[in-house]
Amino acid sequence: LLIWDAGAEAFRPLETYGAPMGEVPDYPRDAAPFTDALATRKPTVAEAPADKWDPEQPRVVIPLKLGDEDVGIIAVYSYLEQKEEISPIDQELFGLLGDHGGNVLESARLAAVANSDPNRFESCVRLMNRGEETDA
């Protein structure tokens, strides 16, 4: 799972499974493995699997969206042993994950900020309005 870090202008790893965190690099927005998925805003599936772990060749890339913004990416580099190919149901699930995953990340971010601020309600309103002046 990679999240967009606007300050660093890169997708940065937040969590990994099956690969050490230190082996997953930060990626700029125009990184080769992600350009198609970010351009179409739809999950992409590689035609042929990589022979070995290669951070430049994910098998599946799922952009996590929040409105018009890309807030993260799920990159799948290998399947479970028993999974030989992607089915139409898998494709539908990837799409749902992309459509709703961004909302989940943003909700988690808002909750983390709100829980760290004694003026929780006002902080949430400011965050939701992205710094716009409010009467709250």
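In this predicted model, the lining of the largest pocket contains 20 nonpolar, four polar and six charged residues. Three elements, β4 (60-66), β5 and α2 (88-115), each provide at least two lining residues. Strand β5 contributes the most, with three residues.

The second largest pocket has a volume of about 330 Å³. Eleven residues line this pocket, and Ile3, Trp4, Val71, Glu106 and Arg109 lie nearest its centre. Here β1, β5 and α2 each give two or more residues to the lining. By class, this lining holds six nonpolar and five charged residues, with no polar ones.

Strand β1 (residues 2-5) pairs with strand β2 (residues 10-13). The pairing is antiparallel and runs over four bridges. Within it, Ile3 stands opposite Arg12 of β2. Four residues separate the two strands of this hairpin, and Glu9 adopts a positive phi near 50°.

The largest nonpolar core has twelve residues, among them Leu2, Phe11, Val24, Phe34, Ile73, Ala75 and Tyr77. Two or more of the core residues come from each of α1 (35-40) and β5 (69-76). A second core is separate and has nine residues, including Ile62, Leu66, Val71 and Ile74.

Leaving aside residues up to four places away in sequence, Tyr77 touches Tyr27, Phe34, Trp53, Asp54, Pro55, Gln57, Pro58 and Arg59.

How values were computed. Residues numbered from 1 in each chain as written. Predicted model: local features only at pLDDT ≥ 70, side-chain atom pairs only at ≥ 80, totals over all residues. Heavy atoms only, no water. Pairing = 2+ DSSP bridges. Core = buried A, V, L, I, M, F, W, Y, C linked by side-chain atoms within 4.5 Å. Buried < 20%, exposed > 50% of the residue type's maximum accessible area, 1.4 Å probe, protein only. Contact = heavy atoms within 4.5 Å. Nonpolar A, V, L, I, M, F, W, Y, C, P; charged D, E, K, R; others polar. 1 Å grid on protein atoms, 1.4 Å probe; cavity = no way out; pocket = protein on both sides within 12 Å on 5 of 7 lines; lining within 4 Å. Points joined across faces, edges and corners; volume = space filled by probe spheres on them.
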